[in-house]
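Please read it alongside the sequence and the structure shown here.

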Amino acid sequence: MQPEDKKRKQDPGHENFRIIEGEEDTDDNEEVTSDQTKDSEEPSTKRVKPVVKSNSLTGVITPVKTPALKRLGQSISRSISFRTEARPLPAPIRTRQKASSFPRRRNSQCWSDTVESHDLTAKEIKRQEVIYELTQGERQLIEDLSLVKKVYYEPMLKLDIMTESELGKIFGTLDSLIPLHEDFLARLQKLRGSEKTVGEVGPTLIKWFPCLDAYVTYCCNQVEAKALLDQKKQEKRVEQFLRLCQESSFSRKLDLWNFLDLPRSRLVKYPLLLREIQKSTPADHPDEDTLPDALELIQSIVSEVNSKTGEAECQFYRRGLSYLEESQRLQEIQLSRFLYLHGELKNNKGQKLHVFLFELALVLTRPVEDRDGAVVFQVYRQPFPNAQLHMEEIPDGEGGGGGAFRGAFTGNDKVRNCFRVSSRGRSKAQSHSLQANDSFNKQQWITCLRQAMVQSRDRSAPTSKSQLSSYPDPALYHMADLSLSSDTEMTDHSSQ
């Protein structure tokens with residue numbers, strides 16, 4: 001081919017590919033350039049040929065290691081593929097971006113943002129900020145509870161997604177909590193002066209906190225409500241409705257249970273807020289005398305709600321036990337008033353068990369569904385009375401039961417987070433090696449097992465019967481640690 005002919009065949013598009021370093025002008029390159037020129041001259045309605053030739057363009061550019069050319073090849077590939085096969089993609093992409101851009105929580109505003117100027121000290125500003133947070137929290141809780149009623153309860157009732165009885169069990173007395181907090185919000189707003197500052201807040205808290213006794217009924221119902229909600233989620237209509245609500249912007253990506261659990265979360269936050277107000281209150285302030293009484297009052301209310309909730313949870317799971325043998329019905333199970341801890345553990349065969357550490361007995365179970373689709377806990381082997389229980393921590397890397405853990409978990413040379421429980425007494429000795437999900441979960445079980453064993457043995461001593469509730473560990477049963485949506489839950493174990 002003459003140089004003049006070759007020059008005539010070149011076009012601007014061809015020059016873009018001549019900047020490749022180390023490339024030689026071969027007949028294949030000329031053929032690609034020629035085909036590309038012809039494609040650009042053909043009518044735009046013919047789309048088959050450009051798609052075929054896109055592979056050759058990508059093949060020429062892809063092997064190049066120069067970053068600039070690599071990006072050029074990727075941009076050409078994307079432009080061709082979007083032009084042909086990916087037309088439906090933009091709509092779903094926009095939908096996902098809209099959902100993800102919605103804030104998960106409301107925009108927070110400080111007290112300082114609501115005032116133009118002030119002459120308060122740093123400590124007084126901190127006090128006003130905490131009181132303002134208390135007020136805003138009440139407003140947000142009212143909005144959320146009203147939303148739950150309007151968006152979840154009423155539509156599901158009208159659409160017959162659930163029966164009125166089922167909705168009543170799941171939502172409990174939530175509707176009665178809205179006017180309760182509306183009253184508290186109104187009282188707090190009346191305390192704000194002309195300069196948007198709050199003076200004395202202690203007496204208002206002392207007068208209103210007794211209204212929180214209504215939380216006993218609501219929180220005690222939560223265990224059964226969560227179980228029923230999980231069961232109803234297996235139904236297609238319920239699952240679709242709840243999924244659509246969660247994907248909507250108003251939900252802030254929270255599911256129904258997150259909303260139903262908001263009152264409990266709010267309850268345990270009151271003592272924390274009061275401590276912060278107390279820290280920021282000057283020594284000569286009128287609240288200095290009333291805030292300690294308000295804090296003591298709210299702590300006793302939270303403790304009472306927590307205690308009653310623990311008893312309700314214990315009764316609920318006791319009713320859910322399914323015994324294969326009559327000998328498994330230990331008296332200690334029926335006399336237990338609370339749960340230290342319960343959750344999923346694995347035995348040395350790799351089987352998943354749901355283990356309950358009651359006040360007086362340790363029970364290993366296997367979750368199964370009954371005819372109605374409800375979960376029941378089938379008792380596995382013989383339960384352990386806590387007074388006869390022994391616990392041994394297994395160091396990481398040592399398999400329980402003669403290396404049985406290693407055989408159960410393939411590819412896991414070092415078995416971790418294991419402990420062994422055993423019992424000797426009224427029946428033949430038995431032992432179980434159990435594995436927790438992680439080191440934190442293992443420590444939870446070890447701590448609770450040790451306390452259960454000590455208190456059960458003290459209880460059996462004639463002179464120590466009254467000491468069962470003398471040394472409770474608040475870290476184990478504080479209301480803030482109770483999460484009904486988690487696999488492992490901790491509840492109150494203080495006695496009445």
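Helices H7 and H9 are roughly antiparallel to each other, a class that takes in angles over 145 degrees, whereas those under 35 count as roughly parallel, 65 to 115 as roughly perpendicular and the rest as oblique. The model is a predicted one, in which local features need pLDDT of at least 70, side-chain atom pairs count only at pLDDT 80 or more, and totals for chains, interfaces and linings use all residues. Residues are numbered from 1 along each chain as its sequence is written, and side-chain values use heavy atoms, with hydrogens and water left out.

**The chain overall**

- The protein chain has 20 helices and ten strands, these being DSSP runs (helices H or I of at least four residues, strands E of at least two) numbered from the N terminus.
- Of the 496 residues in the protein chain, 40% are buried, where buried means under 20% relative accessible area, exposed over 50% and partly exposed in between, with a 1.4 Å probe and protein chains only.
- Among contacts (heavy atoms within 4.5 Å) between residues at least 6 apart in sequence, 68% join residues at least 24 apart.
- The chain exposes about 27500 Å², of which carbon and sulfur atoms supply 50%; accessible areas come from the Shrake-Rupley method with a 1.4 Å probe, and for residues only the protein chains shown count as cover.

**H7 with H9**

- The axes of H7 (residues 122–158) and H9 (residues 174–190) come within 9 Å and cross at roughly 155°; axes are lines fitted to C-alpha atoms, for helices over the stretch in contact, and angles run from 0 to 180 degrees between N-to-C directions.
- The crossing of H7 and H9 is left-handed, a term used if the near helix is turned anticlockwise from the far one by less than a right angle, with right-handed used if it is clockwise.
- Residues making this contact include Leu141, Ile142 and Leu145 of H7 and Leu174, Ile178 and His181 of H9.
- By class, the contact of H7 with H9 has eleven nonpolar, four polar and five charged residues, where Ala, Val, Leu, Ile, Met, Phe, Trp, Tyr, Cys and Pro count as nonpolar, Asp, Glu, Lys and Arg as charged, and the others, Gly among them, as polar.
- Ile178, placed in H9, is buried with a relative accessible area of 8%, and leaving aside neighbours within four places in sequence it is in contact with Ile142, Leu145 and Ser146.
- The C-alpha atoms of Ile178 and Leu141 are separated by 8.4 Å, although these residues are 37 residues apart along the chain.

**H7 with H13**

- H7 and H13 (residues 236–247) pack at an angle of about 155° with their axes 11 Å apart, which makes H7 roughly antiparallel to H13.
- The crossing of H7 and H13 is right-handed.
- Val151, Tyr152, Pro155 and Met156 of H7 meet Phe241, Leu242, Cys245 and Gln246 of H13, a contact with seven nonpolar, one polar and no charged residues.

**H15 with H16**

- The axes of H15 (residues 262–279) and H16 (residues 287–319) come within 9 Å and cross at roughly 165°, which makes H15 roughly antiparallel to H16.
- The crossing of H15 and H16 is left-handed, and by class their contact has twelve nonpolar, two polar and one charged residues.

**Leu449 in H19**

- Leu449 lies in H19 (residues 439–460) and is buried, with a relative accessible area of 1%.
- Not counting residues up to four places away in sequence, Leu449 touches Leu357, Leu362, Leu389, Met391, Phe419 and Val421.
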